[in-house]
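Hi,

Here is the structure I promised to pass on to you. Please open it alongside this message, and my notes on what turned up follow below.

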There are 2 protein chains.
Amino acid sequence: FFWRKVLIIYAHQEPKSLNGSLKNLAVEELSKQGCNVTTSDLYAMQFEPRATRNDIIGCLHNSEHFDYGVESWEAYKRRCLASDLIEEQRKVQVADLVIFQFPLYWFSMPAIMKGWIDRVLVQGFAHNFPQCYDDGLLKNKLALLSFTTGGDEEMFSKGGVSGDIRYLLWPIQHGIMHFCGFKVLAPQICFAPKYVTEEKRKEMLTSWAQRLKTIWEEKPINCTPELYFK
Amino acid sequence: FFWRKVLIIYAHQEPKSLNGSLKNLAVEELSKQGCNVTTSDLYAMQFEPRATRNDIIGCLHNSEHFDYGVESWEAYKRRCLASDLIEEQRKVQVADLVIFQFPLYWFSMPAIMKGWIDRVLVQGFAHNFPQCYDDGLLKNKLALLSFTTGGDEEMFSKGGVSGDIRYLLWPIQHGIMHFCGFKVLAPQICFAPKYVTEEKRKEMLTSWAQRLKTIWEEKPINCTPELYFK
Ligand SMILES: Cc1cc2nc3c(=O)[nH]c(=O)nc-3n(C[C@H](O)[C@H](O)[C@H](O)COP(=O)(O)OP(=O)(O)OC[C@H]3O[C@@H](n4cnc5c(N)ncnc54)[C@H](O)[C@@H]3O)c2cc1C
Ligand SMILES: Cc1cc2nc3c(=O)[nH]c(=O)nc-3n(C[C@H](O)[C@H](O)[C@H](O)COP(=O)(O)OP(=O)(O)OC[C@H]3O[C@@H](n4cnc5c(N)ncnc54)[C@H](O)[C@@H]3O)c2cc1C
Ligand SMILES: [Zn+2]
Ligand SMILES: [Zn+2]
């Protein structure tokens with residue numbers, strides 16, 4: 001797997017967190033395989049999450065009525081997007097696999113990572129109607145969610161208070177990744193790391209390392225409503 | 001309904017947008033009823049979406065390992081949260097109804113609004129295990145999502161490419177609102193306003209105004225998995 005390129009989008013404030021450890025372990029394991037690994041450490045970069053006029057350098061397409069979707073699309077074509085976005089798009093462009101590493105915040109990703117999605121995956125670059133879903137512009141790439149939770153597996157089961165964990169994967173895996181054409185690999189979920197034993201936590205790290213050894217042989221999930229809601 | 005208090009959390013960059021019009025109309029209509037309406041115009045406020053150490057004034061509970069959930073909870077109890085958060089919490093505290101007005105970004109809310117959720121609804125203020133879901137700390141309040149989409153109703157139907165719109169409501173209405181104890185009113189959805197006729201757009205505005213006239217008589221939805229996935 002020499003030269004395969006991996007991009008890790010990482011959103012945790014604390015290097016010593018379990019998210020930090022999972023990220024470091026992925027960098028290590030994949031580098032050992034000979035992959036080329038790049039990390040976007042969003043908090044360390046103080047990544048801007050707000051989609052605003054500042055993302056367009058110079059004149060607007062329509063300065064009378066600001067439409068972020070239209071303006072970012074036009075700016076992409078004219079190469080007038082803000083430099084932090086261009087930089088992230090370059091990283092995505094060359095990646096074979098994008099891993100999103102984050103703690104679950106409110107049944108979703110932290111706002112700083114949602115901002116990365118909102119601002120980086122612009123029309124023209126990641127999708128371009130009707131080039132979406134199976135025809136999305138990032139269709140030769142893989143994506144994988146690796147996240148941790150506060151709630152335990154029982155709470156995130158079908159009869160649990162928080163419902164089946166798959167319910168909350170839908171908007172992210174289908175609405176974002178599949179929409180852009182990514183083939184989606186099964187999520188890596190560490191349930192309630194704060195509340196388990198040190199031994200169990202070590203197991204969580206080991207099983208992630210193990211999985212990464214054969215990650216390039218995995219088949220993507222079949223990202224349809226049946227998978228999530230049946 | 002004199003003196004009923006409404007808080008509108010509004011996330012659009014352009015005052016002339018349909019979201020801007022829907023927000024203005026709600027302010028007007030509810031004020032006319034005698035309600036007291038407050039708006040948090042997130043882009044105009046340049047609201048900070050990132051959950052960082054800056055949200056805690058002064059010393060940390062544990063400066064060796066930064067845990068945002070623990071630190072914001074402790075800071076809430078010690079009254080050491082950043083002033084922009086305290087201000088938003090005050091607005092929520094007095095509100096009878098909170099309306100979230102936004103354009104759908106990636107099957108969810110824009111990052112700036114997700115940041116409001118991540119940073120404002122801290123433990124101790126909005127929930128405090130086991131005080132969550134029906135026992136959440138905001139349990140005497142109502143919440144309502146009012147949003148616009150790019151995709152049309154057919155795309156967001158059960159057999160459509162984007163799946164039933166209710167699938168993406170789950171993480172927000174159950175995972176955020178219900179979790180905090182809010183009673184959830186039915187969402188107000190304007191499908192594909194860009195692609196419909198001017199007449200249809202006027203109708204969207206009129207039906208929102210109409211609905212608001214009797215909003216205080218509405219029964220909340222029954223926010224369980226059955227409602228979303230059956
Ligand atoms: C705003 C907000 C919203 C949230 N919303 C939700 C929600 O909707 N649903 C939900 O379930 N949860 C929610 N949570 C909880 C959150 O998901 C968890 O707190 C988080 O996932 C835990 O991961 P962490 O990396 O921060 O854990 P940490 O507390 O950093 O790590 C857990 C433990 O692992 C240890 N550790 C780190 N590295 C190693 C290592 N190499 N070997 C062994 N041990 C190690 C740490 O020291 C620590 O003891 C929310 C939290 C916040 C702040
Ligand atoms: C980053 C990003 C992600 C997105 N993700 C998704 C997604 O996952 N799914 C999806 O479906 N869509 C998505 N979209 C599309 C987005 O949801 C729509 O563009 C948005 O909801 C349209 O609402 P608006 O207020 O911006 O519309 P506008 O374009 O501002 O308004 C629509 C029309 O209404 C007119 N109007 C305004 N006020 C009035 C009035 N008083 N009377 C009559 N007409 C009026 C305007 O002039 C305009 O012509 C995304 C867009 C972006 C930028
Ligand atoms: Zn899918
Ligand atoms: Zn619910």
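A:Arg79 sits in the loop that runs between H2 and helix H3 (83-94) of chain A. Although A:Arg79 is not a glycine, its phi is positive, at about 60 degrees. The residue is exposed, with a relative accessible area of 75%. Before you read on, please keep in mind that this is a predicted model.

A:Ala192 also has a positive phi without being a glycine, in this case near 50 degrees. You will find A:Ala192 in the loop between strand E6 (188-190) and helix H6 (198-213) of chain A. Is A:Ala192 buried or exposed? Its relative accessibility is 4%, and the cut-off for buried is under 20%, so A:Ala192 counts as buried.

**Cis peptides**

Next, the prolines. In chain A, the peptide bond between A:Phe129 and A:Pro130 is cis, with omega at about 5 degrees. A:Pro130 belongs to the loop between helix H4 (111-120) and strand E4 (142-148) of that chain. In chain B, a cis peptide bond joins B:Phe129 and B:Pro130, again with omega at about 5 degrees. B:Pro130 lies in the loop between helix H4 (111-120) and strand E4 (142-148) of chain B.

**The zinc site**

Now to the metal. Which atoms coordinate the zinc ion (ligand 4)? They are ND1 of B:His174, ND1 of B:His178, and both O and SG of B:Cys223, at 2.1 to 2.3 Å. Along the sequence, these donor residues follow the spacing H-x3-H-x44-C.

The angles subtended by the four donor atoms run from 90 to 127 degrees. To count as tetrahedral, four donors need all angles between 85 and 135 degrees, so the arrangement around the zinc ion (ligand 4) is tetrahedral. For reference, the ideal angle for four tetrahedral donors is 109.5 degrees.

B:His174 counts as buried at 4% relative accessibility, and B:His178 counts as buried at 12%.

**Ligand 2**

Finally, have a look at ligand 2, which lies between chains A and B. It is surrounded by 26 residues, and the closest are B:His12, B:Ser21, B:Leu104, B:Thr148 and B:Lys194.

Some of these residues make polar contacts with oxygen atoms of the ligand. An N or O atom in the side chain of B:Thr148 is 2.5 Å from an oxygen atom of ligand 2. For B:Leu104, a polar backbone atom is 2.7 Å from a ligand oxygen. An N or O atom in the side chain of B:Lys194 is likewise 2.7 Å from an oxygen atom of ligand 2. Taken alone, ligand 2 exposes 1000 Å², and the protein buries 80% of that.

Which elements give two or more residues to the shell around ligand 2? They are helix H2 (68-78) of chain A, together with helix H1 (18-32) and helix H6 (198-213) of chain B. H6(B) gives the most, with four residues. By residue type, the shell divides into nine nonpolar, ten polar and seven charged.

Technical notes: Residues numbered from 1 in each chain as written. Chains lettered and ligands numbered in written order. Predicted model: local features only at pLDDT ≥ 70, side-chain atom pairs only at ≥ 80, totals over all residues. Heavy atoms only, no water. Near = heavy atom within 4 Å. Polar contact = N/O pair within 3.5 Å; in protein donor to acceptor, adjacent residues only side chain to side chain. Areas by Shrake-Rupley, 256 points an atom, 1.4 Å probe, with all protein chains shown as cover. Nonpolar A, V, L, I, M, F, W, Y, C, P; charged D, E, K, R; others polar. Donors = N, O, S within 2.8 Å, 3.2 Å for Na, K, Ca; no water. Tetrahedral: all angles 85-135°; square planar, octahedral: opposite > 155°, others 65-115°. Buried < 20%, exposed > 50% of the residue type's maximum accessible area, 1.4 Å probe, protein only.
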